[in-house]
Amino acid sequence: MSDSSASRAGKITIHIDGKPYKTHTGPTPVAALRALRQPPVPDDKDLWLDIEDEQDQELDPAGSINVTDGMRFFTEIDAITIRIDRVEYEVYQRKMTGAELRTLPSPDVAVDRDLWRDIPDKRDIKVQDEDIVHLKDGMRFFTAPGRINPGQES
């Protein structure tokens with residue numbers, strides 16, 4: 001096997017901002033990933049590791065990461081606006097758990113209230129604390145009493 005085919009055989013594909021890039025597997029400086037992107041990630045932008053069904057991870061520009069085939073990265077993202085009980089909140093994450101959403105208002109959503117995702121023209125969805133919500137600009141949420149006991153005396 002020639003040196004060039006050996007080096008090609010050891011390369012994997014990762015994605016940065018949705019575009020594929022070839023690199024080697026194993027420990028890699030974050031600075032090398034930033035330089036791999038074309039054009040390179042500007043110094044004033046952050047690089048993130050996209051973790052499926054979990055909170056994404058901001059990468060330390062001076063750190064390293066163990067790169068494996070199929071990993072996905074993205075650069076700093078613009079804020080999106082969501083609403084909880086008609087109040088707007090700007091968030092930078094694209095995925096948040098129900099528990100994280102409950103901490104956006106001040107004070108936090110009370111434990112005796114449920115959090116719901118308002119879906120136009122469909123049945124609304126109750127958001128549990130452990131649920132991972134893929135956020136999009138303009139999403140709406142509301143809270144409601146967790147238990148309603150008609151006729152119960154206070």
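Pro107 is joined to Ser106 by a cis peptide bond, with omega at about 0°.

Now, what are we looking at? This is a predicted model, so local features need pLDDT of at least 70 and side-chain atom pairs count only at pLDDT 80 or more, while totals for chains, interfaces and linings use all residues. Residues are numbered from 1 along each chain as its sequence is written, and side-chain values use heavy atoms, with hydrogens and water left out.

Pro39 lies in the loop between helix H2 (30-36) and strand E4 (47-50).

Next, the sheet. Strands of a sheet pair through backbone hydrogen bonds, either parallel or antiparallel. Here, two strands pair if DSSP finds at least two bridges between them. Our example is an open sheet of five strands in the order E2-E1-E7-E4-E5, and the pairing is mixed. Which strands stand at the edges? E2 and E5 do, each with a single partner strand, so one side of each has no neighbour in the sheet.

Let's walk through part of it. Strand E1 (residues 11-16) and strand E7 (residues 72-75) pair in the parallel sense over two bridges, and Ile16 stands opposite Phe73 in E7. E1 and E2, on the other hand, pair in the antiparallel sense over six bridges. E1 and E2 make a hairpin with two residues between them, and Asp17 in the turn has a positive phi of about 55°.

Please find His24 on your screens. His24 belongs to strand E2 (residues 19-24), and Lys11 stands opposite His24. Along the sequence, His24 and Ile12 are 12 residues apart, yet C-alpha to C-alpha they are 5.9 Å apart in space. Is His24 buried, partly exposed or exposed? For us, buried means under 20% relative accessible area, exposed means over 50%, and partly exposed is in between (1.4 Å probe, protein chains only). His24 has a relative accessible area of 42%, so it counts as partly exposed.

Asp53 isn't a glycine, but it has a positive phi of about 60°. Asp53 is in the loop between E4 and E5 and is partly exposed at 44%. Arg86 isn't a glycine either, and its phi is positive at about 70°. You'll find Arg86 in the loop between strand E8 (80-84) and strand E9 (87-91), and at 79% relative accessibility Arg86 counts as exposed.

On to charges. Side chains of opposite charge can pair when their charged atoms come close. We call it a salt bridge when a side-chain nitrogen of Lys or Arg is within 4 Å of a carboxyl oxygen of Asp or Glu. How many salt bridges does the structure hold? Seven.

Take Arg102 and Asp129, whose side chains meet in a salt bridge at 3.7 Å, N to O. This pair links distant parts of the chain, 27 residues apart: Arg102 is in helix H3 (residues 98-102), and Asp129 is in the loop between strand E12 (125-127) and strand E13 (132-134). Arg102 is buried at 11%, whereas Asp129 is partly exposed at 40%.

Then there's Lys126 with Asp114, where the closest N and O atoms are 3.4 Å apart. Lys126 sits in strand E12 and Asp114 in strand E11 (residues 113-118), 12 residues apart. Lys126 is partly exposed at 33%, while Asp114 counts as buried at 15%.

One more pair: Arg140 forms a salt bridge with Asp118, and the closest N and O atoms are 2.9 Å apart. Arg140 is in strand E14 (residues 140-145), Asp118 is in strand E11, and 22 residues separate them. Arg140 is partly exposed at 35%, and Asp118 is partly exposed at 24%.

Last stop: Asp50, Asp56 and Lys95 are linked in a network of salt bridges. Have a look for those three on the model, and that's me done.

Key: Helix = DSSP H or I, 4+ residues; strand = E, 2+ residues; numbered from the N terminus.
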